[in-house]
Amino acid sequence: MKVVVDASNVAFSVKNKKGQPQMSNILAAVKALEEGEDEFVIIADASLRHDIDDKETFLKLLESENVEEVPAGNDADHFILEIAVREKAKILSNDKFRDYAAEFTNISSMRIPFIIENGRLVFGKPKKAKKDKNILQHICDEIIKELKFKKWEVYTGKEGLEISPLNIAKQAIIRIDNASNTESKLENIFSKIPMFNKIVEMVDDVEIAAPYVIFVLVHPRDYKIAVKNAGNISVTVADRLGLEKKPLIAVRNDLFTKPGNFELNILLADEVTEHAPYNVAIRVCESDEIFIKKNSRNIASTIAGRLGSWKFPFVSVKPDMLLEKPGDFEIELEKGGGFDG
């Protein structure tokens with residue numbers, strides 16, 4: 001196989017710490033082609049001798065018979081394409097030569113892409129970095145970890161139970177009934193009902209304060225069925241437990257909960273915070289930005305439900321050049337600021 005080596009593209013493919021193209025890349029290409037017993041010619045841009053890190057070795061290379069420097073004033077890419085067509089050769093380059101697609105219609109079949117790993121050149125396209133399928137859960141885990149470090153109590157149950165209005169009501173009844181010192185807690189909460197009224201005023205059609213707030217944590221697909229049955233769940237729980245006031249049901253999309261399952265975070269009314277204590281800033285790899293922004297409200301809902309706050313934290317998502325791999329992220333909790341309802 002005949003191969004035309006795009007020396008500038010190969011040299012610039014992996015730069016040194018000073019940002020210079022490397023002579024070692026060209027030597028790696030030569031070695032790979034020689035091992036494959038391919039016939040090749042190296043074509044170097046006229047400016048490469050001024051930029052490359054090892055000028056002495058490069059100038060010696062130019063003395064070889066199968067190395068040619070593009071004459072000054074000539075377009076190096078066009079020069080390479082012309083030689084490849086004339087010699088019916090392939091081109092070793094990661095440059096797609098888009099500016100010449102109209103003139104050279106078969107560039108994609110002519111080009112040999114490559115990667116350089118540990119000083120060796122390997123033919124073929126680089127493998128796409130694997131996406132982190134669970135990045136949303138990992139982000140939420142990190143936020144919860146930071147909240148717990150700051151001494152906030154966060155619900156962490158993730159086992160999940162099969163979702164149905166009946167199962168939600170049954171589980172709520174069991175958990176409340178099994179809670180220690182239920183009567184003393186109820187007496188305590190009723191003495192603090194005025195504090196909870198601030199929350200109740202924000203809820204449509206709630207006429208009386210409730211002793212409990214039951215956060216029903218569901219997968220986004222199951223949100224509507226939980227909301228639709230919230231009233232019946234509340235009445236059933238209050239009736240079975242003999243509560244004077246109906247518990248308030250707050251349904252939250254939860255990124256830890258699998259489709260068809262649910263979790264419950266049950267709090268006494270005075271344990272519910274009106275606002276999440278912190279906003280959340282998320283820095284991400286550029287390739288993940290759109291996906292995470294699209295799910296930022298679900299992240300906020302997950303944290304609000306797990307934390308037991310009435311309003312959602314404000315979640316901002318920004319790309320960060322220092323985070324290069326898909327799945328890389330950093331989070332920062334920011335006190336104060338606006339909150340999402």
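Which residue in β13 stands opposite valine 284? Proline 319 takes that place.

## Basis of the model

This is a predicted model, in which local features need pLDDT of at least 70 and side-chain atom pairs count only at pLDDT 80 or more, while totals for chains, interfaces and linings use all residues. Residues are numbered from 1 along each chain as its sequence is written, and side-chain values use heavy atoms, with hydrogens and water left out.

## The three-stranded sheet

Strands (DSSP runs of E, at least two residues, numbered from the N terminus) count as paired if DSSP finds at least two bridges between them. Three of them make an open sheet of mixed pairing, ordered β13-β12-β14. Because β13 (315–319) and β14 (329–335) stand at the edges with a single partner strand each, one side of each has no neighbour in the sheet. From one strand to the next the twist averages 20°, and β12 (residues 278–284) pairs with β13 in the parallel sense over five bridges.

## The four-stranded sheet

A further open sheet, also of mixed pairing, has the order β8-β11-β9-β10, and its edge strands, β8 (161–162) and β10 (248–253), pair on one side only. Strand β9 (residues 212–218) runs parallel to β10 and is joined to it by six bridges; phenylalanine 215 has alanine 250 in β10 as its bridge partner.

## Helix α2

Just after α2, glutamate 37 adopts a positive phi of about 55°.

Notes: Axes fitted to C-alpha atoms, helices over the stretch in contact; angles between N-to-C directions.
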